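Please open the model in a viewer and keep the selection tool at hand. The tour moves from one selection to the next.

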Amino acid sequence: MFKSLFLFSNSVVLVGWRGIILTMVLAFSLIAAGCINSNGSDSTDKEITLVVFHAGSLSVPFQQLEKEFSAYAEKNLGVKVKFQDEPSGSINAVRKVTDLGRDADVVGVADYTLIPQMLIPNYTDFYVLFATNEIVIAFTDRSKYADEMKTHPERWYEILARDGVTFGFSDPNQDPCGYRSVMVMKLADLYYGKPIFETLVEKNTNIYANGMHIYAPKEIELKTHKVVIRPKETDLIGLVESGSLDYFFIYKSVAEQHNLSYITLPDGINLKDFNKAAYYGQVEITLGSTGKTVKAKPIVYSVTVLKNAPHRDLAIEFLKFLLGERGREVFKENHQSFLDPPIAFGNVPAEIKDLVKSGD
């Protein structure tokens, strides 16, 4: 009996040690396989999807950055990342969150004021101003009077008004490029001392102005076939490239990215010059979609990570990548100016504080 008990106790000890060793081997295997990453729960054996809602004019640089970040994250963070990338008008990008209740990790908009007006405090508690742009008029050699537009750009409003010439802009109720385009035409009234807004906008749409205050009805209607309006500015590119539309108001960076001809507009109306902020601010627009009134101002883009982002830690890593050296290079490669340094407001994540200047 004693002998049997001795054998039994040795077996227990042996099993116990084997269990400990097996547990240790298993733990090291999990670590080696990269099952524990910066988020503490995701494995490199599965892909993590970051959802990004952004302005259409950010499509080209964002897609390049997303591709590069995926390679960076797998190599340096031990996680495989893919992106669900959704370009739209900036107002629509925000309303996917506020009105439709959709989950997203990152939101990037072409008008920085949309984030404090519509997302703070319920959906995020910080935002970063990071890029700028300007409004131009883009076209191709197939556009009517293209040669004259190139040689006499100061005649742009006369050319657009001619019989048979068509032009377009994006929907002011969905896209900042749209409301900026009509504000540019209203600023042109001041700059040139001529009724350009009435000729180009009021005669062709139900968008109207009372003095320097523009009203964009919730349902925009076209009175003629002269003007084409689409949800976002990039929706008009194909129409111009095909020759079915002559001209459209667009951001300079987008015109450059798509190798379109374009004319620049005077600084007094192109919404580029920060020194002319007060001058631009004489014009404002009330949007039927939101009921909000927006003042004309220099174009500045902003970005945020949402409070309830499904992969918030990884989204902040992407934001850090965007605001870092490579992000600046990618925007420069794609003809868009980057703020140096970016300016952050609110409860700024510690991970990006060294890359931004506080605006508070």
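The charged end of which residue sits over the ring of Tyr145? Select Tyr145 together with Arg162 in this predicted model: the charged end of Arg162 lies over the ring, 4.7 Å from its centre. For another such arrangement, select Phe53 and Lys96, where the charged end of Lys96 sits over the Phe53 ring at 4.9 Å from the ring centre.

Next, turn to pairs of rings. A pair of aromatic rings is described by the distance between the centres and the angle between the planes. The structure holds 21 aromatic pairs. In the pair formed by Phe69 and Tyr72, the ring centres are 6.0 Å apart and the planes meet at 35°, so the pair is tilted. Show helix H2 (residues 59–77) to find both residues, which are 3 residues apart, about one turn of the helix. Colour by accessibility: Phe69 has 0% relative accessibility and counts as buried, whereas Tyr72, at 31%, counts as partly exposed.

The last stop is the largest pocket, which contains about 190 Å³ of space. Select its lining residues, among them Thr132, Asn133, Glu134, Lys252, Phe274 and His335. The lining comprises 3 nonpolar, 5 polar and 4 charged residues. Finally, colour domain 1 (48–132 + 300–358) and domain 2 (135–295) separately; each of them contributes at least three residues to the lining of this pocket.

Technical notes
Residues are numbered from 1 along each chain as its sequence is written. This is a predicted model: local features need pLDDT of at least 70, side-chain atom pairs count only at pLDDT 80 or more; totals for chains, interfaces and linings use all residues. Side-chain values use heavy atoms; hydrogens and water are left out. On a 1 Å grid over the protein atoms alone, a cavity is a set of points where a 1.4 Å probe fits but cannot get out, and a pocket is an open set with protein on both sides within 12 Å along at least five of seven lines; lining residues have an atom within 4 Å of a point. Grid points are joined across faces, edges and corners, and a volume is the space filled by probe spheres set on the points. Ala, Val, Leu, Ile, Met, Phe, Trp, Tyr, Cys and Pro count as nonpolar, Asp, Glu, Lys and Arg as charged, and the others, Gly among them, as polar. Domain bounds come from an automatic or database domain assignment. Rings of Phe, Tyr and Trp (its six-membered ring) pair if their centres lie within 6.5 Å; planes under 30 degrees apart count as stacked, over 60 as edge-to-face and the rest as tilted. Helices (H or I, at least four residues) and strands (E, at least two) are DSSP runs, numbered from the N terminus. Buried means under 20% relative accessible area, exposed over 50%, partly exposed in between (1.4 Å probe, protein chains only). A charge sits over a ring if NZ of Lys or CZ of Arg is within 6 Å of the ring centre and within 35 degrees of the ring normal.
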